[in-house]
Amino acid sequence: MYNGIINIYKEAGFTSHDVVAKMRGICGQKKIGHTGTLDPQATGVLPVCLGSGTKLCDMLTDKDKEYVAELLLGVTTDTQDTTGEVLEKKSVEATEEEVREAVMSFVGPYAQVPPMYSALKVDGKKLYELARAGKEVERKARPVTIHEIEILEVKLPVVKMRVACSKGTYIRTLCADIGEKLGCGGTMQSLLRTKVERFVLEDAITLSQLEQLRDEGKIGDVLVPVDKVFAECPILHVRADLAKLLENGNAIYPNQTEEKKYYAPGKQVRFYRNDESFAGIYAYDDKEKRYKPVKMFLEK
């Protein structure tokens, strides 16, 4: 079984679930999961977790992301992108300077109302299922943060921009909100995800490239080990005579480690076995004066 993460370039027309299904066939294993949905027409970075790496799915979903998006001004659709039904068209009266100012005004924290066409659930039903049934429900605004916007090109009515943002940010909704602020409406024309945590576009491979690597017996060449995601975390080793503590996912006191180091409360560390194989992520609990498991990655 493969254990780790593969950085897939999701092509247009595939859902994130399609990618997982195809990878199960390519890799010959069921234990595979993706790290955050990309719309079918969106392209770009989709880290896919395999084996014990599937425990990372929620952790990577929570990471910051970067996109390159095209905003089409003067058009409003029901899905907030150009795949949807056009609800309204308006002329774009704003100048390029006014457009730039409106775009950049969204940098920082802002309350974003999730779109109806999304996978979020209300009373157990996905919003897009309700939307397709012609129903609209009230959605609460959620705090998101736009860390950075770089305007790459303005050719009105189209604005091309790079967006670095927090988890939970809908770029479609950002486009719609910019259009609303300008009074002409706006919709997302295209979306390319360029970065999720350490996974970048330049390193992403297509499913067909993965198939070729499988045929050559080289999938391991693109499989990122689980512990690499935590490269910024210090390393500790449990004492050889106490190895079972680690295997059982028990809490570990600093004097039970080879290094005998204390770290700041809440500081996450990587624990390794004596053979240098990765066991899990722990965090120091100042009250109990010991390291407690956050997530274990014990490969069997």
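I start with the whole chain and then move to the details.

This is a predicted model, in which local features need pLDDT of at least 70 and side-chain atom pairs count only at pLDDT 80 or more, while totals for chains, interfaces and linings use all residues. Residues are numbered from 1 along each chain as its sequence is written, and side-chain values use heavy atoms, with hydrogens and water left out.

The protein has seven helices and 17 strands; these are DSSP runs, H or I of at least four residues for helices and E of at least two for strands, numbered from the N terminus. Its C-alpha atoms fill a box of roughly 75 × 50 × 40 Å along the principal axes. Of the 300 residues, 47% count as buried. Buried means under 20% relative accessible area, exposed over 50%, and partly exposed in between, with a 1.4 Å probe and protein chains only.

The largest nonpolar core has 27 residues. Such a core is a set of buried Ala, Val, Leu, Ile, Met, Phe, Trp, Tyr and Cys residues joined through side-chain atoms within 4.5 Å. Val103, Ile149, Val159, Met161, Val163, Ile171 and Leu174 touch the most other members. Elements that each supply at least two residues include helix H3 (96-104), strand E10 (142-155) and helix H5 (171-182). Which element gives the most to this core? That is E10, with five residues.

Take Leu174 as an example. Leaving aside neighbours within four places in sequence, Leu174 is in contact (heavy atoms within 4.5 Å) with Phe106, Tyr110, Gln112, Ile146, Met161 and Val163. A second, separate core of 18 residues includes Val45, Cys233, Ile281 and Phe297.

Last, the aromatics. Rings of Phe, Tyr and Trp (its six-membered ring) pair if their centres lie within 6.5 Å; planes under 30 degrees apart are stacked, over 60 edge-to-face, and the rest tilted. The count comes to nine aromatic pairs. For Tyr262 and Tyr284, the ring centres are 5.9 Å apart and the planes at 80°, so this pair is edge-to-face. Are the two partners buried or exposed? Tyr262 is exposed, at 56% relative accessibility, whereas Tyr284 is buried, at 5%.

Phe271 and Tyr291 also form an edge-to-face pair, 5.9 Å centre to centre with 70° between the planes. Phe271 lies in strand E15 and Tyr291 in strand E17 (residues 290-296), so the pair ties together parts 20 residues apart in sequence. Phe271 is buried at 0% relative accessibility, and Tyr291 is buried at 0% as well. Tyr262, Phe271, Tyr282, Tyr284 and Tyr291 form one aromatic cluster.
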